[in-house]
Amino acid sequence: MARTRNKTLEVPVEQLRWRLDPEALPFASTDDLEPLDEIIGQERGVEAFRFGMGMVKKGYNIFVTGRPGSGRLATVRRLLAELAAKDGVPDDLCYVNNFDRPEQPVLLRFAAGRGARFKEGMRKFLDDVRREAPQLFESEEYIARKNAIAEAHERQVREFYKSIEDKVKDTGLVVVRMQMGPIQRPDLVPLVDGEPKRMVDLEELVEAGRFPREEFERLRDRRLELKEELDAIVQKVRELHKEVAAKHEEVDRLMFTTLAREHLEPLFEEYPDPKVQAYLESVLEHMGKNLDDIRMLGGGPQAPQGMPFMPMAPSPEAILHPYSVNLLVDNAERTGPPVVVESYPTYRNLFGSIERLADRMGTWRTDFTKIKAGSFVKANGGYLVINLLDAIMEPGVWQTLKRSLKTETIEIETYDPYYFISSTGLKPEPIAMDVKVVVLGDARIYSLLRHYDPDVPKIFKVRADYESTMDRTDRALDQLARFVRAEVDKQGLLAFAASGVAAVAEEAVRMAGRQEKMTTAFPALADLLAEADFQARHAGAKAVEGAHVLAAVDARVRRSNQMEERIQEMIDRGSLFVDVDGARVGQVNGLAVYSMGDYAFGKPSRITAATALGKEGIINIEREADMSGPTHNKGMLILAGYLRERFAQDKPLTLAASIAFEQSYGGIDGDSASSTELYALLSSLSGLPLRQDIAVTGSVNQKGEIQPIGGVNEKIEGFYLCCRHAGLTGRQGVMIPKANVKDLMLRPEVVQAVRDGTFHIHAVETVEEGIGLLTGTPAGARTKAGWTKGSVFALADARLRELGRTLREWNRPEDNGAPAPRKGARKPRKKDKP
């Protein structure tokens with residue numbers, strides 16, 4: 001059957017691709033332009049971001065949504081650098097020892113830069129103590145004071161003993177010092193023949209008759225009387241010893257404290273903050289209570305010969321370690337608030353940790369100097385930027401982030417399932433937080449969190465939604481050209497000629513998917529510029545021309561289209577059945593898009609329909625095989641609704657029709673083939689063949705209107721490739737919804753083929769237009785007498801009537817062995833008999 005072209009449905013060549021004439025650009029190359037120094041295409045998102053930055057109320061953190069690759073992070077960095085410069089520098093943070101409760105380190109805050117000065121001041125103080133303390137305990141003044149106390153003590157002891165010696169004079173008793181282990185103790189013993197005798201020995205002499213008993217008893221009684229006084233004197237001497245030891249300690253403490261305070265006085269004067277003053281006083285107090293350790297700064301006792309395992313004295317560093325300063329956050333080098341972008345948001349990196357070390361005994365220990373700050377604390381007083389998807393995948397991060405933002409405090413701890421092995425746990429003083437958090441995510445994650453997490457609306461009250469496209473205006477084109485110039489300077493690329501910039505702009509429009517839009521995926525465009533520069537340098541060009549940009553695009557496709565070529569090979573060798581010429585009843589070429597992540601391409605797929613007698617209606621074979629998605633199922637139901645609206649107004653719709661995607665072995669979803677399936681069904685009903693040299697795409701509604709679909713460029717190019725491989729006949733083409741014409745941004749090769757008349761693009765608005773083009777027969781219109789005679793709809797309607805009549809005859813009781821009609825039922829007419 002001869003086919004004629006319907007030129008009224010063909011899309012003009014000039015509408016197939018928006019083209020920017022390089023001659024119309026007001027520059028010869030990017031060397032004539034100023035680099036772009038502004039954010040383009042994100043007016044809505046930037047406005048929301050500025051609002052969030054300006055709100056200083058609780059909970060006004062910013063949730064940035066948008067597609068990855070749209071330049072969200074670069075835009076956020078730029079805005080933060082611009083807006084944060086107006087704010088001041090936050091405080092430094094230090095942790096110091098809590099001498100009363102070492103497990104609860106104390107937090108000290110200092111103005112920016114003064115934290116490091118305080119740490120350096122404490123280091124200098126400890127160096128002075130380490131150097132001068134040993135000299136202090138060896139100084140003449142110290143020795144003189146100690147000797148004075150010792151002499152006074154010895155004088156009092158001698159007076160005590162002299163008083164008791166006076167009392168025992170001429171009593172036959174004498175005071176002696178008895179060695180009792182390592183201690184000497186005074187005692188009273190009898191004096192016999194000028195020699196002291198123990199009472200036990202004297203009693204033996206009495207028993208032997210060598211000493212008078214009366215004298216022994218007198219000495220014994222007198223000894224008992226004086227022994228009480230001697231014991232009282234011994235007790236006084238002991239108390240005097242303790243008093244002297246306390247005086248020695250007091251002298252040591254007084255002299256050391258005087259020395260230490262003298263060296264610490266500059267810090268007292270420089271830091272009047274009561275909390276800092278209290279800490280400095282606690283340092284002096286603790287040192288005064290631990291003078292034994294301080295004395296060892298000059299070197300502890302050496303192990304004597306024969307005792308090689310005597311514990312050695314601790315090092316000076318270990319002795320002075322409790323008085324060091326842990327500078328947690330140092331903002332000395334900052335000129336504004338911190339802007340921290342945490343690209344690896346683990347719990348440790350975000351919220352810090354408390355490190356542990358194993359001592360010589362293998363025991364895990366920690367202290368205040370092992371507290372480490374994370375990005376959240378480092379950003380205090382400023383801004384923290386994280387990728388939400390990365391953060392919520394890390395254990396404990398999302399919960400801690402929410403808790404910190406709600407309470408505006410953070411308590412550094414170690415998130416470690418093996419933390420129980422540490423014998424020492426710390427609970428540092430919480431840090432008051434004033435940080436604006438910016439999280440990057442997509443709209444889906446944002447919607448899910450808003451729905452399932454009630455805390456999200458409380459802590460992320462600002463949404464900055466970044467767009468994937470922007471309007472293609474003259475101003476936008478000018479900004480794009482300046483963006484190219486900025487990337488040339490940034491990446492060290494060759495200058496782009498006007499034709500190169502025009503080609504980049506055309507690719508930006510294609511990436512947007514609409515002729516009146518341009519993509520805002522500037523990182524992807526920056527990659528394209530670098531690849532075009534590579535092509536130009538490889539060709540030895542001095543500037544990047546439009547041909548180099550097209551070559552970069554083709555090379556990018558080449559790197560990713562292996563699967564497309566394999567499918568095309570299967571079509572070429574006949575493994576996949578695709579006809580690109582002739583006509584078939586109930587068969588049509590549909591178009592599908594395959595997405596490989598970084599690359600999408602279109603390919604035709606044969607769709608067939610078979611109609612027969614029955615009441616099953618339209619059977620979706622994909623759905624019956626559990627290979628059809630909900631959107632595709634919906635399209636099939638809409639198709640049935642269209643048939644009812646067209647052909648079931650004066651009779652029941654009785655048929656069994658099956659529709660299938662032939663050689664489809666994976667899941668199918670989407671309704672972009674619903675019009676294609678309808679054409680196949682109408683062809684099967686009417687008996688009219690459909691053109692195989694026209695591939696079809698577009699969804700249909702119940703009123704027969706052809707609705708726009710996605711991936712129109714890829715679908716057209718996919719069928720064009722099949723036709724080119726099979727041989728272009730001049731009749732081949734693609735039929736698309738008219739609403740998709742403004743989305744066309746076809747490759748130059750396809751545009752040229754249309755210009756040469758070897759390929760055609762048809763745009764239809766209704767099913768009637770589409771079926772007329774595919775069959776070469778008018779669809780027909782409904783009149784009082786029925787459908788237009790000889791039209792597609794008339795033939796389909798006649799077929800449906802025939803199927804209904806045949807079904808009624810087939811279901812007669814006398815024909816299928818059913819029981820006789822009940823009483824009152826209509827009797828069969830003569831003409832109903834076979």
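Which side chain does the side chain of lysine 651 join through a polar contact of 2.5 Å? The partner is the side chain of aspartate 797. Keep in mind as you explore that this is a predicted model.

**The largest pocket**
- The largest pocket holds about 1600 Å³ of space.
- Its lining is made up of 48 residues. Those nearest the centre of the pocket are Arg510, Tyr599, Ala600, Glu714 and Arg747.
- Several helices each supply at least two lining residues: H17 (498-512), H18 (522-538), H19 (546-560), H20 (562-572), H24 (712-726) and H25 (748-756). Strand E22 (600-612) also supplies at least two.
- Sorted by class, the lining of the largest pocket has 17 nonpolar, 17 polar and 14 charged residues.

**The second largest pocket**
- In the second largest pocket you will find about 640 Å³ of space.
- This pocket is lined by 28 residues, and Ala592, Tyr594, Ser605, Ser664 and Ile668 are the closest to its centre.
- Helix H20 and strands E21 (587-595) and E22 each give two or more residues to the lining of the second largest pocket.
- Strand E21 provides the largest share of that lining, 5 residues.
- The lining of the second largest pocket divides into 16 nonpolar, 8 polar and 4 charged residues.

**Back to lysine 651**
- You can find lysine 651 in the loop between helix H22 (630-647) and strand E24 (656-661).
- Is lysine 651 buried or exposed? Lysine 651 has a relative accessible area of 13%, and it counts as buried because that value is under 20%.
- Leaving aside residues up to four places away in sequence, lysine 651 touches Asp797, Leu800 and Arg801.
- The side chain of lysine 651 has a polar atom 2.7 Å from the backbone oxygen of phenylalanine 647. The polar contact with the side chain of aspartate 797, from the opening question, has a length of 2.5 Å.
- Lysine 651 and glycine 804 are 153 residues apart along the chain, yet their C-alpha atoms are separated by 8.5 Å.

Terms used
Residues numbered from 1 in each chain as written. Predicted model: local features only at pLDDT ≥ 70, side-chain atom pairs only at ≥ 80, totals over all residues. Heavy atoms only, no water. 1 Å grid on protein atoms, 1.4 Å probe; cavity = no way out; pocket = protein on both sides within 12 Å on 5 of 7 lines; lining within 4 Å. Points joined across faces, edges and corners; volume = space filled by probe spheres on them. Helix = DSSP H or I, 4+ residues; strand = E, 2+ residues; numbered from the N terminus. Nonpolar A, V, L, I, M, F, W, Y, C, P; charged D, E, K, R; others polar. Buried < 20%, exposed > 50% of the residue type's maximum accessible area, 1.4 Å probe, protein only. Contact = heavy atoms within 4.5 Å. Polar contact = N/O pair within 3.5 Å; in protein donor to acceptor, adjacent residues only side chain to side chain.
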